[in-house]
Amino acid sequence: MEDQASDPTAGTQPRRPFQILSLDGGGLKGLFSAVVLAEVEKDLGVDLLDHFDLVVGTSAGGIIALALGKRMRAGDIVEFYGQLGSDVFSSPRRAPVRTAKHRAANLDKAMRTVFGDTLLGDSRIPLVIPSFSLEAQRVYLFKTPHHPRLKRDWKVPMADVAMATSAAPTFLPAFRLGSTRLIDGGVWANNPMLVAIAEARSMFGVSLDDIRILSLGTTEEVKHMPSSLDAGGLYPWATKGRSILLNAPAAGVHTTAVHLLGETSIHRISPPVAPGQFKLDRIDDRQIRGLAEEISRIHLPSVETFLGHTPPTYTPCQPAGDPR
């Protein structure tokens, strides 16, 4: 794991906007984010990544971030992401009590097909991809070599990073990077906005006043919380209250980010949906595409405001002795 902190004043650049694309996790619901990006690019006739300094993505968002870093256009990401449901999640185990619901081999094959032997250090833009280490019981952040202190992760294949950030407990088994057991970054940073802000401050020396974030969620389930939860019992919380345990941390992240940056510095796209409308491993493809197309139309003027910024050319800080 790369260093996660640095001197906030080191390498501080002249005042300028620092724009971040933040991509939530959400399993197959990541198709929503991919379609929104693709529709916006099509409408505006741009490559959105030409206007962002950093991309941070967790789980599904991490896969999309890596694909963008590999120079894939959002429209191409929609096509490959749309295949994941049938390729990866179509044959769940019948009784996934002691093992994961889905087999890692299917996802691994899909990620190797998409990313090939591309390394994290080959990304065209700085990336931060959250995971979590079962060995050390601590957060694990994959980072491109966008700071001289970041000397290891650039050698990790993008396919491995994708597997590590998306190894959601109960859905997929842990991923081994060498001997390190890694699981989905969504267990602690499903909405990675605070990770993005910390990276901008610590590794880029950016003032909070200069940070702008386009934050893409994967829809938010709005569910009635019955009074049976009030007593605090295990059964009602396991059956009726799980969505709170998943959604509350993401809501807290957004609220904290707004307090740090101000409401006008963050544009969040994550529409409410009915309970059970979309699941992590099962979606109605046409329905989620239709929702994304409609939502992208509504948010287009706000996204367009991000196009006034052109970041400096990204030059990776490759480690000393880099043979390339």
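Mentor: Ser 215 has its place in strand β7 (residues 211-216), where strands (E, at least two residues) and helices (H or I, at least four) are DSSP runs numbered from the N terminus. This is a predicted model, in which local features need pLDDT of at least 70 and side-chain atom pairs count only at pLDDT 80 or more, while totals for chains, interfaces and linings use all residues. Residues are numbered from 1 along each chain as its sequence is written, and side-chain values use heavy atoms, with hydrogens and water left out.

Trainee: Is Ser 215 buried or exposed?

Mentor: Buried means under 20% relative accessible area, exposed over 50%, and partly exposed in between, with a 1.4 Å probe and protein chains only. Ser 215 is buried, because its relative accessible area is 0%.

Trainee: Which residues is Ser 215 in contact with, leaving aside its neighbours within four places in sequence?

Mentor: Contact means heavy atoms within 4.5 Å, and with those neighbours left aside Ser 215 is in contact with Ser 22, Asp 24, Asn 191, Met 193, His 267, Arg 268 and Ile 269. The side chains of Ser 215 and Arg 268 are also joined by a polar contact of 2.7 Å; such a contact is a pair of N or O atoms within 3.5 Å, where within protein one must be able to donate a hydrogen and the other to accept it, and residues adjacent in sequence count only if both atoms are side-chain atoms.

Trainee: How should I read a nonpolar core?

Mentor: In soluble globular proteins, nonpolar side chains tend to be buried together. A nonpolar core is a set of buried Ala, Val, Leu, Ile, Met, Phe, Trp, Tyr and Cys residues joined through side-chain atoms within 4.5 Å. The largest one here has 67 residues, of which Leu 21, Leu 37, Leu 66, Phe 80, Met 111, Phe 115 and Phe 142 touch the most other members. Helix α1 (residues 30-44) gives the most to this core, with 9 residues. Apart from it lies another core, of 22 residues, among them Val 128, Leu 150, Ile 197 and Ile 213.

Trainee: Which residues does Phe 80 touch, not counting those up to four places away in sequence?

Mentor: Phe 80 touches Ile 63, Ala 67, Met 72, Met 111 and Val 114.

Trainee: Which residues of α1 and α2 make their contact?

Mentor: Helix α2 (residues 60-69) packs against α1 with the axes 9 Å apart, and the contact is made by Gly 30, Ser 33, Ala 34 and Leu 37 of α1 with Ala 60, Ile 64 and Leu 68 of α2.

Note on methods
Axes are lines fitted to C-alpha atoms, for helices over the stretch in contact, and angles run from 0 to 180 degrees between N-to-C directions.
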